[in-house]
Amino acid sequence: MEGLKVSDANLVAYMHPSKNNNISQAILRELSSLLFKFSETLEGVVLAYDVNILDKNANILSGIHPYFGVRLKANLLLFSPKPNMLLEGKVVKLTQESIHVIVLGFSSAIIIDEDIREEFKYKAKHGEELFASRSNKRHNIKVGTMIRFLVKSFDEEILHISGSLIPAHTGSIRWLDKNSEDVSLTDRFKIEPGLLQLVIRSTRKRREGEGETEIQENETLGREASSLSNGHQTKKSKKRRFAEDH
């Protein structure tokens, strides 16, 4: 999922002298106060942190006595969604006009009807609401479905996302991942579905056989493809030779 990034930050924690007896605990409390809030300085919502104290000696800060500063090195996991990024979330509510989503368990998102492509039609059957695809009966969106959607805007104050399901590569993650896998295999090999197993086995053999001096996708596979595809003419694959490392 896009919108997540790791940032290395040099920070200064400001402490009251009363915290001097347990600096580590005071620092962790300060960092914990940043969690799930948008920071303009860090340009994102802090989700997690890992911190190292760079200097064990605290310095009294001039002008703001009696506070002192402790220098820190922190690795931060930030959530910073931008327009046109792809996010993933769980559908928690459906209406005829909108789809409501929770992202990472804390940020809310809404996709209104004008941002839902025409492929999806709202239905209510036996008390269950869903958006069903007109082109594929198995592509459905209902409460509990994990979906992938496009970011239109992000309200940093309330951590609210406005999303879109207009692009074709958005919708149910389960359906999209399965469909894209099938399409990628078919597009890659340009063969009949019944031959996928043969080609996958051949590919696995090539990957495992590092010591082979010659790899052929020859006329044999071409003849099998021809017979299984009802006489459709297939092109002979060219021989590919690789130099063997001795």
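The model is predicted, so local features need pLDDT of at least 70 and side-chain atom pairs count only at pLDDT 80 or more, while totals for chains, interfaces and linings use all residues. Residues are numbered from 1 along each chain as its sequence is written, and side-chain values use heavy atoms, with hydrogens and water left out.

I begin with confidence. The chain has a mean pLDDT (the predictor's confidence in each residue, from 0 to 100) of 76, and 69% of its residues reach 70 or more. Across residues 182-246 the pLDDT is below 50, and this stretch has 35 contacts (heavy atoms within 4.5 Å) in the model beyond near neighbours in sequence.

Next, the composition. The chain holds 4 helices and 16 strands, taken as DSSP runs numbered from the N terminus, with helices being H or I of at least four residues and strands E of at least two. Of the 246 residues, 30% are buried, meaning under 20% relative accessible area with a 1.4 Å probe and protein chains only; exposed means over 50%, and partly exposed lies in between.

Leu-104 sits in the loop between strand 7 (98-103) and strand 8 (107-112). Why is Leu-104 classed as partly exposed? Because its relative accessible area is 41%.
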